[in-house]
Amino acid sequence: MLVSETRLAAREEYNRNHQPSITHRQNVDRYKNFVLLPLSKRRFCQECQQLLLPTEWEKHSDHQFLCNITTTQLKSPSQLLYPLENKKTNAQYLFADRSCKFLLNLLIDLGFRRVLSVGTPRLHEMIQSKASQEEFNVRSLLLDIDFRYSQFYTEDEFCHYNMFNHHFFGGEAARETCRKFLYEENGEGVIMVTDPPFGGLVEALASSFKKLMAMWRETEKEGHDNKEMPVFWIFPYFFESRILDFFPSFSMMDYQVDYDNHALYKHGKTGRRQSPVRIFTNLTPSMIVLPEEEGYSDMLVLATSTVRYAIHVHQKMADDGNIVFFAKNVPDKKKGQKTRKRDGL
Ligand SMILES: C[S@@+](CC[C@H](N)C(=O)[O-])C[C@H]1O[C@@H](n2cnc3c(N)ncnc32)[C@H](O)[C@@H]1O
Ligand SMILES: [Zn+2]
């Protein structure tokens, strides 16, 4: 499918307008100076969302700022920066701690050593901070539109990237960083984890992800031509058929992803899980073990897949023009499917 000329032009203009005035290198240099400061001189301007060096205090004197920024805070930028919640452009909904831990433990159990974190700053920072604390051999490269992160990560750890049109703001050098990251160990041990804004157009996202997957495929020197780069695409379940249109090899996992700052998608007060957000993956579903401590028993998973299978048969019968028997309590999933014609944006 083709993205319209108007939309392409709009995206290019967005890229131009969002080219930052300060470079990533300058931000890295500022960070190096910042960490040399004693705690009492480490300030963060909340209005400008910027780490301040003492020579800059004057300019921000009437702004709100935080003092005594610790190393722990510097290692958790997603806690220091306020989440950008504009639904269309950023929708920065951050993983609840247990979902983030589940993801990371799953990646470790599956033997991955490198994570291409596309729009997952909290997962990236959990990996980065573990890597600096203990013997931990997983690394991450963050690709995100939010340039504020360039204050905390080097060019080998963060690329300013637009996942709607596969644009690296840092040009060829940034693209090369990404390529190198994927090429390491002959492309083995790497997975892409992405959690795009839910208002994002599936078609545009899929096209960018295919380009990242193609970048990985170029690494394959030893003839595993038909293999795909492993992917976790985190998105609401009602986009299932759209995602499968673009990636027929993907399946949807039963795990329900929770967020800290999303009123609808966080763990229910009653203890009932209610997030509609799932993980779509091209890994074999049986490789993925869901956490029993979060209530995912084999029975529950079996029941969910039985319901899903029943819905599938039901839809197939309807599509084939056969007589359809309606179940009395059609699960929410079925209702949701009816309304998923639009992708948003
Ligand atoms: C739903 S949030 C996911 C955050 C993730 N749950 C976490 O906690 O790490 C979407 C993420 O994608 C990023 N983002 C939004 N639009 C983007 C774009 N066009 N290109 C790249 N990243 C984008 C946001 O800055 C944000 O980090
Ligand atoms: Zn300021």
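# Exercises on strands, a ligand shell and one arginine

Strand S4 (residues 114-118) and strand S5 pair in the parallel sense, and five bridges join them. The model is predicted, and the exercises below work through parts of it.

**Exercise 1.** Find which strands pair with S5 and in which sense, and say how well S5 is covered.

*Solution.* Start with the general rule. Strands of a sheet pair through backbone hydrogen bonds, and the pairing is either parallel or antiparallel.

Step 1: S4 pairs with S5 in the parallel sense over five bridges. One residue pair to locate here is Val-115, whose bridge partner in S5 is Ser-140.

Step 2: S5 and S6 also run parallel, joined by three bridges. Here the bridge partner of Leu-143 is Cys-159 in S6.

Step 3: Now look at the cover. S5 spans residues 139-144, and five of its six residues are buried, so that the strand is mostly covered.

**Exercise 2.** Work out the strand order in the open sheet of three strands, and name its edge strands.

*Solution.* Step 1: Strand S1 (residues 43-45) pairs with S2 in the antiparallel sense over three bridges. Phe-44 stands opposite Leu-51 in S2.

Step 1: The order of the open sheet is S2-S1-S3, with antiparallel pairing.

Step 2: The edge strands are S2 (50-52) and S3 (65-66), each of which pairs on one side only.

**Exercise 3.** Describe the residues that surround ligand 1: how many are there, which elements supply them, and what classes do they belong to?

*Solution.* Step 1: Ligand 1 is surrounded by 21 residues, and the closest are Leu-94, Gly-119, Arg-122, Ile-145 and Met-163.

Step 1: Two or more residues of the shell come from each of helix H6 (121-133) and strand S6 (158-162). The largest share, three residues, is that of H6.

Step 2: Sorted by class, the shell holds 12 nonpolar, five polar and four charged residues.

**Exercise 4.** Explain why Arg-175 counts as partly exposed.

*Solution.* Step 1: Locate Arg-175 in helix H7 (residues 171-183).

Step 1: Arg-175 has 16 C-beta neighbours inside 10 Å.

Step 2: Compare this with the cut-offs: a residue is buried at 20 or more such neighbours and exposed at 12 or fewer. The count of 16 lies in between, and therefore Arg-175 is partly exposed.

Step 3: The C-alpha atoms of Arg-175 and Tyr-161 are separated by 9.3 Å, and the two residues are 14 residues apart along the chain.

Definitions and conventions
Residues are numbered from 1 along each chain as its sequence is written. Chains are lettered from A and ligands numbered from 1 in the order in which they are written. This is a predicted model: local features need pLDDT of at least 70, side-chain atom pairs count only at pLDDT 80 or more; totals for chains, interfaces and linings use all residues. Two strands pair if DSSP finds at least two bridges between them. Helices (H or I, at least four residues) and strands (E, at least two) are DSSP runs, numbered from the N terminus. A residue is near a molecule or strand if its C-beta atom, placed from the backbone, lies within 6 Å of it. Ala, Val, Leu, Ile, Met, Phe, Trp, Tyr, Cys and Pro count as nonpolar, Asp, Glu, Lys and Arg as charged, and the others, Gly among them, as polar.
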